[in-house]
Amino acid sequence: MDKDKLLFLQNKAIEIRKITIEMIGRLGSGHVGGSLSIIDLLTDIYYNAGKVDPKNPSDPDRDRVVISKGHAGPGLYAVLASKGYFPMDEIKTLNKGGTHLPSHCDMNKTVGVDMTAGSLGQGLSCAIGMALAGKIDKKDYRVYCVIGDGESQEGQIWEALMYAGNMKLNNLTIFIDYNRMQIDGYTDEINSLDPLDDKFRAFNLNTLRVNGHDIAAIDDAINAAKACKDKCTAVIMDTIKGYGVPWAEERKVGSHSFAITEQQWREFCGKEAD
Amino acid sequence: MQDVKEMRQVYCDCLLDMAKENKNIVVIEADLMNCIKTERFKAQYPERFFNVGIAEANMVGVAAGLSTCGKVPFISSFGPFATRRCYDQIFISVAYSKQNVKIVGTDPGISAEVNGGTHMPFEDMGIMRLIPECVCVEPTDAAMLKSLMPQIAAYKGLVYIRLFRKKTEKVFEDGENFDLFKARSIKEGKDVTIIASGIMVSRAIEAAEILKGEGIDAGVLNTYTWKPMDKEAVTAAAKRSGAIVVAENHNICGGLTSAITEVVCANCPVPVLSVGVNDKFGEVGKMPYLSNVYNMNVSDIAERCKQVISLKK
């Protein structure tokens with residue numbers, strides 16, 4: 001990736017983190033940590049690697065993005081708002097009655113959201129269905145699915161991984177947000193996923209591993225997945241929960257969902273009073 | 001009299017017929033293709049057939065994903081595994097997401113026979129009925145299945161089809177038409193109406209014949225679609241006969257009895273009694289044995305009719 005493009009994407013990611021924090025900050029609390037950890041990936045998909053068009057959000061030929069860890073909704077909404085899928089003002093309505101932006105991703109409420117998620121473990125199967133539909137219709141769109149590490153303790157994830165691997169779904173790329181934290185603590189202490197690389201390889205997946213906050217590395221992985229014709233690709237993204245917001249990162253496990261003060265978000269976003 | 005064709009044959013015939021015109025119909029199985037006999041679909045439309053293996057939750061999610069791209073997936077398993085086993089996936093990935101998936105649960109109630117309690121669904125319609133906007137239908141015989149399948153495929157949304165898998169009792173003439181959202185009155189009666197579904201319909205007809213010999217005028221109403229319930233037909237039956245017996249191959253708690261009493265209580269309160277499974281688990285056995293165990297015989301229906309008539313004011 002050339003330097004200018006990388007710089008552009010890095011700046012976008014910072015901007016999108018600010019939108020995420022403002023959105024949750026205005027509400028007062030929410031799923032900060034897991035939204036922030038996937039923003040570099042979403043920035044690359046929506047601003048560089050993906051075939052997406054905010055003016056035609058239901059284009060049958062578009063790439064699909066399934067956020068199976070549905071509680072990262074605010075992170076996705078920030079990217080969508082920034083791309084112009086809906087007016088930026090709507091971020092002020094997160095989780096308020098009648099909003100188009102509910103806590104967990106909802107394809108029937110938010111323009112640009114491709115699949116509803118929130119009950120963990122289900123989105124990857126849906127992403128497989130989208131990839132199979134692409135094969136039936138001989139379309140060349142790609143499906144990107146983001147699963148959580150804690151979410152991967154759900155059995156359905158492994159049913160889906162086994163099927164994706166065996167079906168050699170080369171139009172599906174799976175990203176696991178490996179921040180090693182879940183609500184009750186560290187994944188390693190609760191029910192460890194390691195060795196994750198070996199598990200994915202054993203499921204016949206083209207397994208890649210990247211720093212989930214290095215946009216150039218993420219983009220390389222996406223291109224490697226596009227180039228891989230005989231396998232479905234799974235990208236393990238080593239991430240930091242709450243990345244890019246020091247007072248979120250510091251909270252570690254406590255960054256999953258927490259209260260943000262008005263002073264905190266206004267300072268971070270550089271926004272004076274309305 | 002038994003139908004000539006097995007219900008599963010008719011099901012696959014219909015899928016093949018519809019798939020010719022409707023390129024969006026896809027079939028997904030979870031290792032029971034050999035039981036529902038969709039091999040013929042696989043042979044004819046291999047690119048539109050998927051077998052995910054023994055993974056019902058994944059089957060439901062894959063169906064939901066296909067639906068988001070305009071496909072119309074028909075998925076199946078034995079009743080308990082098509083519903084109870086993957087309930088949250090059906091609830092969230094399909095129903096809450098407003099996806100267009102058709103779920104077939106086979107071997108309803110005591111027809112699971114020797115597979116026994118683990119495979120014998122007495123609760124499938126009850127739990128599916130709790131999912132908002134889910135259409136729940138139990139086709140009575142081959143003629144009805146054939147008439148309903150195109151309507152099920154054309155309906156946009158989740159439909160649960162409770163399917164007797166083999167040869168069932170023939171109740172209706174070939175070529176008869178049925179409306180997915182209406183009940184079918186088989187016989188009107190002024191003393192009592194037996195409201196029945198599935199295997200209990202032919203038994204209800206027999207019970208009405210016996211009662212006729214005893215001077216009791218019993219009607220039979222087949223509410224094959226449990227949700228949405230044909231309220232007009234049920235209310236009319238309650239008004240006409242002033243007493244109802246519900247006959248179902250399902251737990252009466254949450255089943256057809258619940259669906260009927262919801263309508264009767266609100267529109268025309270009359271006494272309602274039931275023939276069905278009274279909060280019990282399944283067990284192994286052939287249908288005649290199991291009919292005795294759960295008191296689901298023709299004589300049980302006739303007896304209940306007399307009891308409910310005695311409750312009339």
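Biologist: Which elements of chain B have the lowest and the highest mean pLDDT?

Modeller: This is a predicted model, where local features need pLDDT of at least 70, side-chain atom pairs count only at pLDDT 80 or more, and totals for chains, interfaces and linings use all residues. Helix α2 (residues 33-36) of chain B has the lowest mean pLDDT, 96. Strand β8 (residues 192-196) of chain B has the highest, 99. Here pLDDT is the predictor's confidence in each residue, from 0 to 100. Helices (H or I, at least four residues) and strands (E, at least two) are DSSP runs, numbered from the N terminus.

Biologist: What is the mean pLDDT of chain B, and what does the model score?

Modeller: The mean for chain B is 98, and 100% of its residues reach 70 or more. The model scores ipTM 0.98 and pTM 0.98. Residues are numbered from 1 along each chain as its sequence is written, chains are lettered from A and ligands numbered from 1 in the order in which they are written, and side-chain values use heavy atoms, with hydrogens and water left out.

Biologist: Why does B:Ser147 count as buried?

Modeller: Buried means under 20% relative accessible area, exposed over 50%, partly exposed in between (1.4 Å probe, protein chains only). B:Ser147 has 13% relative accessibility, so it counts as buried. The residue lies in helix α8 (residues 142-154) of chain B.

Biologist: What is B:Ser147 in contact with, leaving aside its neighbours within four places in sequence?

Modeller: Contact means heavy atoms within 4.5 Å. B:Ser147 is in contact with B:Glu176, B:Asn177 and B:Phe178, once those neighbours are set aside.

Biologist: Which residues of helix α6 (residues 87-96) of chain B are buried, and what covers them?

Modeller: They are B:Gln89, B:Ile90, B:Ile92, B:Ser93, B:Val94 and B:Ala95. The cover includes α5 (123-136) and α6 (155-166) of chain A. From chain B, it includes α4 (56-68), α5 (79-82), β4 (102-106) and α7 (124-129). After α6(B) comes B:Lys98, with a positive phi near 60 degrees.

Biologist: What is the secondary structure of chain A, and why is this chain called as compact as a globular protein of its length?

Modeller: Chain A has 11 helices and nine strands. Its radius of gyration is 17 Å, close to the 19 Å that the globule rule gives for 274 residues, so chain A is as compact as a globular protein of that length. The radius is taken over C-alpha atoms, and the rule is 2.2 Å times the number of residues to the power 0.38.

Biologist: How many of the residues of chain A count as buried?

Modeller: Of its 274 residues, 59% do.
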